[in-house]
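Here is a short tour of one protein model. Keep the sequence and the 3D view open side by side while reading.

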Amino acid sequence: MSAIKEINEIKNKLISLNFNVASKGFKYWITLIYEYSKKNKYTTLESVYNKIAELDNTTRNRVERNIRTASSQAKPYIREYYNYKDSRLSTKDILELIRWEVM
């Protein structure tokens with residue numbers, strides 16, 4: 001699958017799950033899912049956060065905060081769509097659920 005097709009698939013999935021498309025974190029989520037899926041290159045969320053921060057000339061903490069903000073309104077939709085019952089829904093959980101589906 002081409003990179004553009006993969007990125008469009010990620011974007012469409014995030015939109016369907018009600019992620020905040022107006023936030024900077026939406027763009028970060030697309031990059032996070034795409035880059036994290038390249039397991040041979042990045043092994044941790046931290047390394048992907050650092051790469052996104054470097055690309056956007058910001059800090060890793062800002063990247064993480066924007067990612068959390070973009071997904072906060074989507075959590076009820078994510079829980080319902082994936083039938084996710086755990087009490088805590090972390091960024092890593094969301095990442096894995098979406099990545100398994102779109103990649």
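A residue counts as buried under 20% relative accessible area, as exposed over 50%, and as partly exposed in between. Y81 has a relative accessible area of 45%, so Y81 is partly exposed. The model is a predicted one.

## Helix packing

Two packed helices are described by the angle between their axes and the distance between the axes.

| Helix pair | Angle between axes | Distance between axes |
|---|---|---|
| Helix 1 and helix 2 | roughly 130 degrees | within 10 Å |
| Helix 2 and helix 3 | roughly 125 degrees | within 10 Å |
| Helix 5 and helix 6 | about 50 degrees | 12 Å |

Start with helix 1 and helix 2. Helix 2 covers residues 24-36, and its axis crosses that of helix 1 at roughly 130 degrees. That angle makes helix 1 oblique to helix 2. Their crossing is right-handed. Helix 1 brings A3, E6, I7, I10, K11, L14 and I15 to the contact. Helix 2 answers with F26, W29, I30, I33 and Y34. Sorted by type, the residues of this contact are 10 nonpolar, no polar and 2 charged.

Helix 2 also meets helix 3. The axes of helix 2 and helix 3 cross at roughly 125 degrees. Helix 2 is therefore oblique to helix 3. Helix 2 passes helix 3 in a right-handed crossing. On the helix 2 side, the contact uses K24, K27, Y28, T31, L32, E35 and Y36. On the helix 3 side, it uses L45, V48, Y49, I52 and D56. The residues of this contact divide into 7 nonpolar, 1 polar and 4 charged.

Now turn to helix 5 and helix 6. Helix 5 spans residues 75-82 and helix 6 spans residues 91-102. They pack at an angle of about 50 degrees. The two helices are therefore oblique to each other. Their crossing is left-handed. K75, I78, Y81 and Y82 of helix 5 touch I94, L97, I98 and E101 of helix 6. The residues of this contact divide into 6 nonpolar, no polar and 2 charged.

## Aromatic pairs

How many aromatic pairs does the structure hold? There are 2 aromatic pairs. One joins F19 and W29: the ring centres are 5.3 Å apart and the planes stand at 75 degrees, so the pair is edge-to-face. F19 lies in the loop between helix 1 and helix 2, while W29 is in helix 2, so the pair ties together parts that are 10 residues apart in sequence. Are F19 and W29 buried or exposed? F19 counts as buried at 3% relative accessibility. W29 is buried too, with a relative accessible area of 0%.

Y81 and Y82 also form an edge-to-face pair. Their rings are 4.7 Å apart, centre to centre, with 85 degrees between the planes. Y82 has a relative accessible area of 19%, so Y82 is buried, whereas Y81 is partly exposed at 45%.

## I94 and its contacts

I94 sits in helix 6. It is buried, with a relative accessible area of 0%. Which residues does I94 touch, not counting residues up to four places away in sequence? They are F19, W29, S71, K75, I78 and L89. F19 and W29 are the edge-to-face pair described above. I78 is 16 residues from I94 in sequence, and the C-alpha atoms of the two are 7.7 Å apart in space.

N8 belongs to helix 1, which runs over residues 3-16. N8 is partly exposed, with a relative accessible area of 34%. N8 and I67 are 59 residues apart in sequence. In space, they are 18 Å apart from C-alpha to C-alpha.

N57 is found in the loop between helix 3 (45-56) and helix 4 (60-72). N57 has a positive phi of about 55 degrees, although it is not a glycine. With a relative accessible area of 72%, N57 is exposed.

Where does N83 lie? N83 is in the loop between helix 5 and helix 6. N83 has a positive phi too, near 55 degrees, and is a residue other than glycine.

Key. Residues are numbered from 1 along each chain as its sequence is written. This is a predicted model: local features need pLDDT of at least 70, side-chain atom pairs count only at pLDDT 80 or more; totals for chains, interfaces and linings use all residues. Side-chain values use heavy atoms; hydrogens and water are left out. Helices (H or I, at least four residues) and strands (E, at least two) are DSSP runs, numbered from the N terminus. Buried means under 20% relative accessible area, exposed over 50%, partly exposed in between (1.4 Å probe, protein chains only). Axes are lines fitted to C-alpha atoms, for helices over the stretch in contact, and angles run from 0 to 180 degrees between N-to-C directions. Angles under 35 degrees count as roughly parallel, over 145 as roughly antiparallel, 65 to 115 as roughly perpendicular and the rest as oblique. A crossing is left-handed if the near helix is turned anticlockwise from the far one by less than a right angle, and right-handed if clockwise. Contact means heavy atoms within 4.5 Å. Ala, Val, Leu, Ile, Met, Phe, Trp, Tyr, Cys and Pro count as nonpolar, Asp, Glu, Lys and Arg as charged, and the others, Gly among them, as polar. Rings of Phe, Tyr and Trp (its six-membered ring) pair if their centres lie within 6.5 Å; planes under 30 degrees apart count as stacked, over 60 as edge-to-face and the rest as tilted.
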